[in-house]
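Work through the exercises below with the structure open. Try each task before reading its solution.

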Amino acid sequence: MPTDSSDPSDRETTPPADRKTTTAPDTDPRFEVPLRGIDVDPETRCAHWDAPVDVVALRFGCCETYYPCDACHDAATGHEAVPWPRERFDEPAVLCGVCGATLTARAYLDGTDACPACDARFNPGCRKHRDRYFEVKGSDGGEDKDDL
Ligand SMILES: [Zn+2]
Ligand SMILES: [Zn+2]
Ligand SMILES: [Zn+2]
């Protein structure tokens, strides 16, 4: 096909400027916590979860880095994801992508699917697969049943 020299080319294949992919060992400088992911936007939406409410990033026990989702973790690291350990539920493990506040795992899990700092809505559907991100044991905790 003829070359169109006036066209700056590949505009359609270039991701939007505010989308960034960060894999190990680099972390995303836009966030104050170590954070990686695929096509991460300034509020931590990613290539996999892109709805208005998908504005949290979760910290993983294996590498202590925040990711928008477990698919981002797997794509960025190549090692198996380890959920945030139960004995560390009082440490920061959740990032609000809207205001940059960090929540402890307990504050997030016991919360109301909104950021306590800025009131941003979090995706309530995340609760369905919270076992991917947090070490939840079926033996205790009667408030939620795990059908595994
Ligand atoms: Zn990891
Ligand atoms: Zn993702
Ligand atoms: Zn917030």
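Predicted model: local features only at pLDDT ≥ 70, side-chain atom pairs only at ≥ 80, totals over all residues.

Residues are numbered from 1 along each chain as its sequence is written, and chains are lettered from A and ligands numbered from 1 in the order in which they are written.

**Exercise 1.** Find which strand pairs with β5 over three bridges and forms a hairpin with β5.

Solution. Strands are DSSP runs of E with at least two residues, numbered from the N terminus, and helices are runs of H or I with at least four. Two strands pair if DSSP finds at least two bridges between them. Strand β6 (residues 102-104) runs antiparallel to β5, with three bridges. Five residues separate β5 and β6 in the hairpin, and G100 in the turn has a positive phi of about 85°.

**Exercise 2.** State which residues stand opposite V94.

Solution. On β3 (residues 56-59), which is antiparallel to β5, the residue is L58. On β6, the residue is L103.

**Exercise 3.** Decide whether D39 and D119 are buried, partly exposed or exposed.

Solution. Count other C-beta atoms, placed from the backbone, within 10 Å of the residue's own: 20 or more means buried, 12 or fewer exposed, and in between partly exposed. D39, in strand β2, has 18, so D39 is partly exposed. D119, in the segment after α2 (105-109), has 10 and is therefore exposed. Phi is positive in D39, near 55°, and in D119, about 75°. Most residues other than glycine have a negative phi.
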